[in-house]
Amino acid sequence: MTDEFDVGGRLKTLRTQFGLSQRQLAESAGVPHGQISMIETNRSSPSVASLRKILGGFGISMSEFFEPEAVNVQKPFFTPSELRDLTSLLFQGDEKAQSKVTLKQVGDAKAHGLQILQERYEAGADTGDAMIEHDSHEGGIVISGEIEVTVGDEVRILKAGDAYLFNSRAPHRFRNISDRPAELISACTPPYL
């Protein structure tokens, strides 16, 4: 995805393909009618949570939205260069976060109903002040470094070898408050991005 990606144009194309009016899409996604219009005319950039709600009505993932031409080859093995970089999908428009967090996906998550990510958080990286919530379950293992994970009211600093597993409907956040990178391997079902 490049900085020139036309979010509004892509949303309008999808909405038209599905034969929905802006009002119908807004109602099915549970967002204000004006929000669809503002996004389609690129006068407003949707939050990740809002875009996920809207795309849910189409049954497509964020990666499919931003990479409509990506070929989903079904194969069992992947080299590091074949992992899909999803960093910009989670942190669209937040260049500071994009420079500190890297998310790489193994294969076609939607086809398998399982998203496996290789995650890297540089020192000071943060998924943001706004807690993340989505309709999934996720878990992971810290491979190196340490990461502060918040799930609901619970906060814990996890170190290499520590793991987490929770219902993603609970508000959550990941922060690297140390002075060295943290690496994780995580899984999410159904896929979030």
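A residue counts as partly exposed when its relative accessible area lies between the 20% limit for buried and the 50% limit for exposed. Arginine 169 falls in this class, because its relative accessible area is 46%. The structure described here is a predicted model.

The protein chain has 193 residues, and buried residues make up 40% of them. Its secondary structure comes to eight helices and nine strands. The chain exposes about 10300 Å², of which carbon and sulfur atoms supply 52%. Contacts between residues at least 6 apart in sequence were also examined. Of these, 62% join residues at least 24 apart.

Six strands form an open sheet. Their order is E1-E2-E3-E9-E4-E7, and the pairing is antiparallel. Strand E1 (84-85) and strand E7 (163-167) are the edge strands, each pairing on one side only. E1 is joined by two bridges to strand E2 (residues 101-105), and the two run antiparallel. Arginine 84 has glutamine 105 in E2 as its bridge partner.

Strand E5 (residues 146-151) pairs with strand E6 (residues 154-159). This pairing is antiparallel and extends over six bridges. Threonine 150 stands opposite valine 155 in E6. E5 and E6 form a hairpin, with two residues between them. In the turn, glycine 152 has a positive phi of about 60 degrees.

In soluble globular proteins, nonpolar side chains tend to be buried together. The largest nonpolar core of this model holds 37 residues. Ile54, Phe65 and Ile147 touch the most other members. Helix H4 (residues 48-56) gives the most to this core, contributing four residues.

Isoleucine 141 lies in strand E4 (residues 137-144). Isoleucine 141 counts as partly exposed because its relative accessibility is 44%.

Side chains of opposite charge can pair when their charged atoms come close. A search of the whole structure finds eight salt bridges. One of them joins the side chains of glutamate 40 and arginine 15, at 2.6 Å from N to O. Glutamate 40 lies in helix H3 and arginine 15 in helix H1 (residues 7-17), so the pair ties together parts that are 25 residues apart in sequence. Glutamate 40 is buried, because its relative accessible area is 9%. Arginine 15 is buried as well, with a relative accessible area of 10%.

A salt bridge also forms between the side chains of lysine 75 and glutamate 82, at 2.4 Å from N to O. Lysine 75 is partly exposed, with a relative accessible area of 30%. Glutamate 82 is likewise partly exposed, at 34%.

Arginine 169 forms a salt bridge with aspartate 135. The closest N and O atoms of this pair are 2.4 Å apart. Arginine 169 lies in the loop between E7 and strand E8 (172-175). Aspartate 135 lies in the loop between strand E3 (115-121) and E4, so the pair ties together parts that are 34 residues apart in sequence. Elsewhere, salt bridges that share partners join Arg120, Glu122 and Glu183 into one network.

Two features of the backbone complete the description. Most residues other than glycine have a negative phi, and most peptide bonds are trans. Asparagine 42 has a phi near 55 degrees, a positive value in a residue other than glycine. Asparagine 42 is placed in the loop between helix H3 (33-40) and H4. Asparagine 42 is partly exposed, because its relative accessible area is 46%. Threonine 189 and proline 190 are joined by a cis peptide bond, with omega about -10 degrees. Proline 190 is found in the segment after strand E9 (182-189).

Notes. Residues numbered from 1 in each chain as written. Predicted model: local features only at pLDDT ≥ 70, side-chain atom pairs only at ≥ 80, totals over all residues. Heavy atoms only, no water. Buried < 20%, exposed > 50% of the residue type's maximum accessible area, 1.4 Å probe, protein only. Pairing = 2+ DSSP bridges. Core = buried A, V, L, I, M, F, W, Y, C linked by side-chain atoms within 4.5 Å. Contact = heavy atoms within 4.5 Å. Areas by Shrake-Rupley, 256 points an atom, 1.4 Å probe, with all protein chains shown as cover. Salt bridge = Lys/Arg side-chain N within 4 Å of Asp/Glu carboxyl O.
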